[in-house]
Amino acid sequence: MPSPLVTEIFTADPSAHSFNGKIYVYPSHDRESNIPFNDRGDQYDMEDYHVLSMDDVGGEVTDHGVALKASDVPWVSKQVWAPDCAKGQDGKYYLYFPARDKEGIFRLGVAVSDKPEGPFKPQPEAIKDSFSIDPASFVDDDGSTYLYFGGIWGGQLQCYSSPDGGKFDASQDGPHEPSGKGVKALCPRVGKMTSDMLEFAEPVKELVIQDENGEPLQADDHDRRFFEASWMHKYNGKYYFSYSTGDTHFIVYAIGDSPYGPFTYAGKILEPVKGWTTHHSIVEHKGKWYLFYHDCELSKGVDHLRSAKARELKYDADGKIITMKPE
Ligand code: FUB
């Protein structure tokens, strides 16, 4: 069984990137909150981020210490959840993160550093027109940067009826989502970033995930519909959008020809791990592909005390990802 990347702290939602010949991992930093479990995720009450690095998967892992504290971000009240980091064309590093604002509404923030390990200096305001959780950055071959995001239930995506956000419907906050025959699943969102990496360059769009017949996934299709944990990577010229199905606990993926989709559901990447949440990233490093993910083995099944891990990911000859089981 793969070992946790680190055991001194609990880490989750690992977003991995190959920067300057090393792997840098941007995880959530789980801590004991003593908040009882609920379906809004209040028990996930994280208050800072650490960055991890390693030369290779399986090698020594360095914990670079606190890279950003929630208390240093003026607009944040609590719950700094799953982050990610992108390298800009200016050589700086941009840490994207979700958190509740002072009204308790999840927004996305950005913080900047000259070094991949931080420390990161936060922008004073949340990204304009941002909403929901789990930002994942993707820099395409032409340097264009996209931010994928969204999460239902505690992640509040169902509180917005417009693709680009808008008015927050507090009556839908909590474990709500559409259901019923013929009802379409909620879609993750994508926004292209401005060249300074700090704002959306355009109104964010819905990312359509369709089935093998070209029909949008249905809301009741809980084994395949989007829940949270967006990730994007490119393999052999195709765009692979992967995500968690939440209450059915799979990491799955869909393939498209453009960063905006549409994407066609293609299968499972990871079967359910120990613990409620599952969240991952996929990275190429020195010619091999890796899946970074988390589970609750180290905490013996405490859902909000998770440990990031890594293992090799393989494709078949048709470019399909070989499904992995927890080992
Ligand atoms: O870590 C807090 C939340 O749990 C993340 O934002 C979700 O993706 C889930 O892993």
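Lys238 counts as partly exposed, because its relative accessibility is 35% and the partly exposed class lies between under 20% (buried) and over 50% (exposed). The model described here is predicted.

**Salt bridge of Lys238 and Asp257**

- The side chains of Lys238 and Asp257 meet in a salt bridge, with 2.7 Å from N to O.
- This pair links distant parts of the chain, since Lys238 is in strand β16 (residues 238-244) and Asp257 is in the loop between β17 (251-256) and β18 (263-270), 19 residues apart.
- Asp257 is exposed, because its relative accessible area of 60% is over the 50% limit for that class.

**Salt bridge of Asp30 and Arg306**

- Asp30 and Arg306 also meet through their side chains in a salt bridge, at 2.7 Å from N to O.
- Distant parts of the chain are linked by this pair: Asp30 belongs to strand β2 (residues 22-30), Arg306 lies in the loop between β20 (288-295) and β21 (307-312), and the two are 276 residues apart.
- Both Asp30 and Arg306 are buried.

**Salt bridge of Arg31 and Asp45**

- Arg31 forms a salt bridge with Asp45, and the closest N and O atoms are 3.1 Å apart.
- Arg31 and Asp45 each lie in the loop between β2 and β3 (48-54), so the pair ties together parts that are 14 residues apart in sequence.
- Arg31 counts as partly exposed, at 28% relative accessibility.
- Asp45 counts as buried because its relative accessibility is 15%, and buried means under 20%.

**The open sheet of five strands**

- Five strands form an open sheet in the order β14-β18-β17-β16-β15, with mixed pairing.
- The edges are held by β14 (209-210) and β15 (228-235); each has a single partner strand, so one side of each is left without a neighbour in the sheet.
- Within this sheet, β16 and β17 pair in the antiparallel sense over six bridges.
- Ser244 stands opposite Ile251 in β17.
- Strands of a sheet pair through backbone hydrogen bonds, either parallel or antiparallel.

- Strand β6 (residues 84-87) pairs with β7 in the antiparallel sense over four bridges, and Ala86 stands opposite Tyr94 in β7.
- β6 and β7 form a hairpin with five residues between the strands, where Gly91 takes a positive phi near 85°.
- Strand β7 (residues 93-101) pairs in turn with β8, in the antiparallel sense, over eight bridges.
- A hairpin is formed by β7 and β8 as well, with four residues between them, and Gly104 in its turn has a positive phi of about 85°.
- Strand β8 (residues 106-113) is mostly covered, as seven of its eight residues are buried.
- Two bridges join β8 to strand β9 (residues 121-122), and these strands run antiparallel.
- Ala111 in β8 has Leu95 opposite it, while its bridge partner in β9 is Pro122.

**Strands β20 and β21**

- Six bridges join β20 to β21, and the two strands run antiparallel.
- The bridge partner of His294 in β21 is Ala308.
- β21 is mostly covered, with five of its six residues buried.

**A patch of negative charge**

- Asp90, Asp114, Asp196 and Glu199 gather on the surface in a patch of negative charge.
- Asp196, one of these residues, is found in the loop between β12 (189-192) and β13 (205-206).
- Asp196 is partly exposed, with a relative accessible area of 38%; this value meets one requirement for a place in the patch, because patch residues must have over 30% relative accessible area.

Definitions and conventions
Residues numbered from 1 in each chain as written. Predicted model: local features only at pLDDT ≥ 70, side-chain atom pairs only at ≥ 80, totals over all residues. Heavy atoms only, no water. Patch = residues over 30% accessible without salt bridge, like charges linked within 9 Å, V, L, I, M, F, W, Y side chains within 5 Å. Areas by Shrake-Rupley, 256 points an atom, 1.4 Å probe, with all protein chains shown as cover. Salt bridge = Lys/Arg side-chain N within 4 Å of Asp/Glu carboxyl O. Lys, Arg positive; Asp, Glu negative; His and termini not counted. Charge placed at Lys NZ, Arg CZ, Asp CG, Glu CD. Buried < 20%, exposed > 50% of the residue type's maximum accessible area, 1.4 Å probe, protein only. Pairing = 2+ DSSP bridges.
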